[in-house]
There are 2 protein chains.
Amino acid sequence: MKVFIIGLGMIGGSLAKTLRNSNFADEILGFDKATENTAFCLENNLIDRSVSIVEGAKEADIILLATPVDSIMELIPQLLDQLEEQVVIDMGSTKKEISKLAATHPKGCNFVAAHPMAGIENSGPTAALEQLFTDKVAIICNPENNARMPLNLAKLFFKSLKMKLIFMDAEEHDRDLAYLSHLSHILSFSLALTAYNVEDKERNIFNLAGGGFASTVRLAGSSAAMWNPVFLQNKTNMLEALELYISNLNLFREHIKNENKEGLNQLMNKSNAIYKIINQSI
Amino acid sequence: MKVFIIGLGMIGGSLAKTLRNSNFADEILGFDKATENTAFCLENNLIDRSVSIVEGAKEADIILLATPVDSIMELIPQLLDQLEEQVVIDMGSTKKEISKLAATHPKGCNFVAAHPMAGIENSGPTAALEQLFTDKVAIICNPENNARMPLNLAKLFFKSLKMKLIFMDAEEHDRDLAYLSHLSHILSFSLALTAYNVEDKERNIFNLAGGGFASTVRLAGSSAAMWNPVFLQNKTNMLEALELYISNLNLFREHIKNENKEGLNQLMNKSNAIYKIINQSI
């Protein structure tokens, strides 16, 4: 089986590393518009050959889209137009627009809208990890849009990454993920921006940051190129989640302002109870 | 040397565990108003004896305050009134009010206002860790208020925990920590409250939460009893930090609403740059 990875960043590089050590792929082709990414993957034997999108899409049995979600939207018509009996699987963090666009194409039944729930804050193929996907959840959205064989190939592909498969509706995916992933990134970005207020080169104040700060600020290292189109494609849900989040912050602010100890306790106790439920799941 | 720990929660229990395996203390006395905490520490050999506050303060050479910061404020006059040639060191996350109160007392030079920068989201002595303090930073505030010997004893105590010592002004401490620790807790509490909006018992939606969510929501498990008085004692700084944070979130919200890709990129690129500075320090 020939696998063609479009987008050789952290996700694409991790896919290549993992495929290299599974017996799913016989040959791994790769494309990235940044030539340094392609060069790194060739030099480090992550891919066997660098090809153009047209060449790779012609040759490969399975085409994996691991680019930012705006590029995925651009690639869908281009790839599906030239598709014969092959499967395209995307790895994007949004699914509604992508799934909708693919469904309008005559070859849409060969396009599997997927989201492997794995990521780190570092970007580029130098940050790629072979164990990135192991035991994580892979979501396939609207599988009813797929023909049987492309869906089965996609299932086997994610199983070869040792991922757990979940099927869900693309609209539900985008709403849930706004709260359970996308929002977290904005919180970390904003925390870094806010903490800069006390930065003081002479005192090196960030030395005072403890483990709590480190974990809440970690995602501030995430790539703008990846997250910008996620926030915009998931605009409605992001605005809803942000509004609710800001209203919760304002509750804390009001209670602190009014020295309302009981109000603060209620918020924190409720949050503790929710955290227990969350902690049992993650 | 006899050490008396008041407050046998996660911090007090971790102090006891660490002291037990260092050669700093010959005997460890403990008090907690929750009898189950005292019982746990006795049963698990974290402390040698359970004593009353009056007894412990009379017997011990060093008294460690590991209670929530509102209790520390209550304990300061009570302990200093009966103090002879002993040292009191507090472990509170706020320092301005505590340091100011101690400085007004005739025995205030024996009170060392400290903050070991170590913590986890779990509470109670069952969550105590022997390695909690190792290689972390311990802050001593306004050491100019201390006599030489109590300060030297406090330094040796923190060194026995294998901590790195930093000295700073109590007001600066509270401002910096509002941004570099206290704010993070409110962000996590609010994230848990917000994410509950998509909780759905039948679909068990929290299964979809990835590593990014897990790290930003972790502090939502933190104890209300500990954090309530921190937020209130550090009110002015917390309000300033929250206001700035909400204004940063609103920038993201506006840019998403207006589909301002360039604006989002600028925010994220700036955040990435700050994260790099932070990441070099933590």
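**Helix packing, chain contacts and loops**

Modeller: Start with chain B. Helix α4 (residues 69-81) and helix α5 (residues 96-103) of chain B pack with their axes 10 Å apart, at an angle of about 5°. Keep in mind that this is a predicted model.

Colleague: How are α4(B) and α5(B) oriented to each other, roughly parallel or roughly antiparallel?
Modeller: Roughly parallel, because angles under 35 degrees count that way.

Colleague: Which residues make the contact?
Modeller: From α4(B), Val69(B), Ile72(B), Met73(B) and Ile76(B). From α5(B), Glu97(B), Ile98(B), Leu101(B) and Ala102(B).

Colleague: How many of the residues in the contact of α4(B) with α5(B) are nonpolar, polar and charged?
Modeller: Seven are nonpolar, none is polar and one is charged.

Colleague: Now the two chains. How many residues of chain A are in contact with chain B?
Modeller: 79 residues of chain A, and they contact 79 residues of chain B.

Colleague: Which helices of chain A each supply at least two residues to that side?
Modeller: α7, α8 (211-217), α9 (224-233), α10 (235-257) and α11 (261-281).

Colleague: Which gives the most?
Modeller: α7(A), with 18 residues on the side of chain A that touches chain B.

Colleague: And how does that side of chain A divide into nonpolar, polar and charged?
Modeller: Its residues split into 46 nonpolar, 23 polar and ten charged.

Colleague: Stay with α7(A). At what angle does it cross α10 of chain B?
Modeller: Roughly 130°. The helices are α7 (residues 170-195) of chain A and α10 (residues 235-257) of chain B, and their axes come within 9 Å. α7(A) and α10(B) are therefore oblique to each other.

Colleague: Is the crossing right-handed or left-handed?
Modeller: Right-handed, as α7(A) passes α10(B).

Colleague: Which residues make that contact?
Modeller: On α7(A), Ile186(A), Ser190(A), Leu193(A) and Thr194(A). On α10(B), Ala241(B), Leu244(B), Tyr245(B), Asn248(B), Leu249(B) and Phe252(B). The contact of α7(A) with α10(B) has seven nonpolar residues, three polar and no charged.

Colleague: Let's go to the core. Which residues touch the most other members of the largest nonpolar core?
Modeller: Ile5(A), Leu64(A), Ile5(B) and Leu64(B), out of 182 residues in that core. In soluble globular proteins, nonpolar side chains tend to be buried together.

Colleague: What does Leu64(A) touch, beyond residues up to four places away in sequence?
Modeller: Val3(A), Phe4(A), Ile5(A), Ile6(A), Leu15(A), Ile89(A) and Met91(A).

Colleague: What about Ala25(A), buried or exposed?
Modeller: Buried, because 23 other C-beta atoms lie within 10 Å. Ala25(A) is in the loop between α1 (10-20) and β2 of chain A. Residues up to four places away aside, Ala25(A) touches Met1(A), Val3(A) and Leu19(A). Pro125(A) is 100 residues from Ala25(A) along the chain, and their C-alpha atoms are separated by 19 Å.

Colleague: Where is Ser160(A)?
Modeller: In helix α6 of chain A. Ser160(A) counts as partly exposed, with 16 C-beta neighbours inside 10 Å. Leaving aside neighbours within four places in sequence, Ser160(A) is in contact with Ser22(A) and Phe24(A). Ser160(A) and Thr18(A) are 142 residues apart in sequence, and 8.7 Å apart C-alpha to C-alpha.

Colleague: Now backbone angles. What is phi of Lys162(A)?
Modeller: Near 65°, a positive value in a residue other than glycine. Lys162(A) lies in the loop between α6 (148-160) and β8 (164-168) of chain A. Lys162(A) counts as partly exposed, with 14 C-beta neighbours inside 10 Å.

Colleague: And Asn142(B), what is its phi?
Modeller: About 45°, positive although Asn142(B) is not a glycine. Asn142(B) is in the loop between β7 (137-141) and α6 (148-160) of chain B.

Colleague: Why does Asn142(B) count as buried?
Modeller: Because Asn142(B) has 20 C-beta neighbours inside 10 Å, and 20 or more counts as buried.

Technical notes. Residues numbered from 1 in each chain as written. Chains lettered and ligands numbered in written order. Predicted model: local features only at pLDDT ≥ 70, side-chain atom pairs only at ≥ 80, totals over all residues. Core = buried A, V, L, I, M, F, W, Y, C linked by C-beta atoms within 7 Å. Buried ≥ 20, exposed ≤ 12 C-beta atoms within 10 Å, placed from the backbone. Contact = placed C-beta atoms within 7 Å. Axes fitted to C-alpha atoms, helices over the stretch in contact; angles between N-to-C directions. Helix = DSSP H or I, 4+ residues; strand = E, 2+ residues; numbered from the N terminus. Parallel < 35°, antiparallel > 145°, perpendicular 65-115°, else oblique. Left-handed = near helix turned anticlockwise from the far one by under 90°. Nonpolar A, V, L, I, M, F, W, Y, C, P; charged D, E, K, R; others polar.
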